[in-house]
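The sequence and the structure are shown first.

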Amino acid sequence: MLLHTVNKAAEHSSALRLCLRFAETADTVLLLEDGVLAAVAGHPACESLLAARARVVALRPDLEHRGVARKLHPAIAAIDYRDFVALCCACDKVQSWV
């Protein structure tokens with residue numbers, strides 16, 4: 001099981017596209033920093049996230065900092081730092097996409 005982290009919104013980087021291309025069913029994709037913007041309902045990249053084989057989550061403090069926590073697509077879970085640490089410990093490897 002792999003934890004994929006993406007910290008940039010899709011329109012600024014190909015990181016999210018590459019991540020979703022390689023993410024497997026047992027993996028988790030964590031959106032953080034500006035990457036959380038892709039999880040907003042209606043964002044062009046949100047469709048790709050919903051079609052992903054992997055589980056997709058977004059870091060709640062980053063959603064709140066950017067003022068989009070209430071716009072998070074309902075199919076994408078918001079997690080806190082404790083959950084983030086637990087994911088890092090539970091996964092075999094962490095792959096950061098930049």
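How far is the sulfur of Cys91 from the closest cysteine sulfur, and in which residue does that sulfur lie? The distance is 7.3 Å, to the sulfur of Cys88, which is too far for a bond. A disulfide is counted here when a pair of cysteine sulfur atoms lies within 2.5 Å, and the search of the whole structure finds 0 disulfides. Cys88 is in no disulfide, and its nearest cysteine sulfur, that of Cys89, is 6.7 Å away.

The model is predicted: local features need pLDDT of at least 70 and side-chain atom pairs count only at pLDDT 80 or more, whereas totals for chains, interfaces and linings use all residues. Residues are numbered from 1 along each chain as its sequence is written, and side-chain values use heavy atoms, with hydrogens and water left out.

Accessibility is classed by relative accessible area: buried is under 20%, exposed is over 50%, and partly exposed is in between (1.4 Å probe, protein chains only).

| Residue | Relative accessible area | Class |
|---|---|---|
| Cys88 | 32% | partly exposed |
| Cys91 | 7% | buried |
| Phe22 | 45% | partly exposed |

**Helix α1**

Helices (H or I, at least four residues) and strands (E, at least two) are DSSP runs, numbered from the N terminus. Helix α1 spans residues 15-22, and Ala15, Leu16, Cys19 and Leu20 are buried in it. These residues lie on the same side of α1, because they cover an arc of only 125 degrees around the axis, taken from the directions from the helix axis to the C-beta atoms. Arg17 and Arg21 are exposed on the face turned away from this buried side. The buried residues of α1 pack against β1 (2-6), β2 (28-31), α2 (46-50) and β5 (93-97), where contact means heavy atoms within 4.5 Å.

Phe22 also belongs to α1. Apart from neighbours within four places in sequence, Phe22 contacts Asp27, Arg53 and Trp97.

**Nonpolar cores**

A nonpolar core is a set of buried Ala, Val, Leu, Ile, Met, Phe, Trp, Tyr and Cys residues joined through side-chain atoms within 4.5 Å. The largest has 24 residues, of which Val6, Leu16, Val29, Leu31, Leu49, Ala58 and Ile76 touch the most other members. Two or more residues each come from α1, β2, α2 and β3 (55-59), and α1 gives the largest share, 4 residues.

Beyond neighbours within four places in sequence, Ala58 has contacts that include Leu30, Leu31, Ile76 and Ile79. Leu30 and Ile79 belong to a second, separate core of 9 residues, which also includes Phe84 and Cys91.
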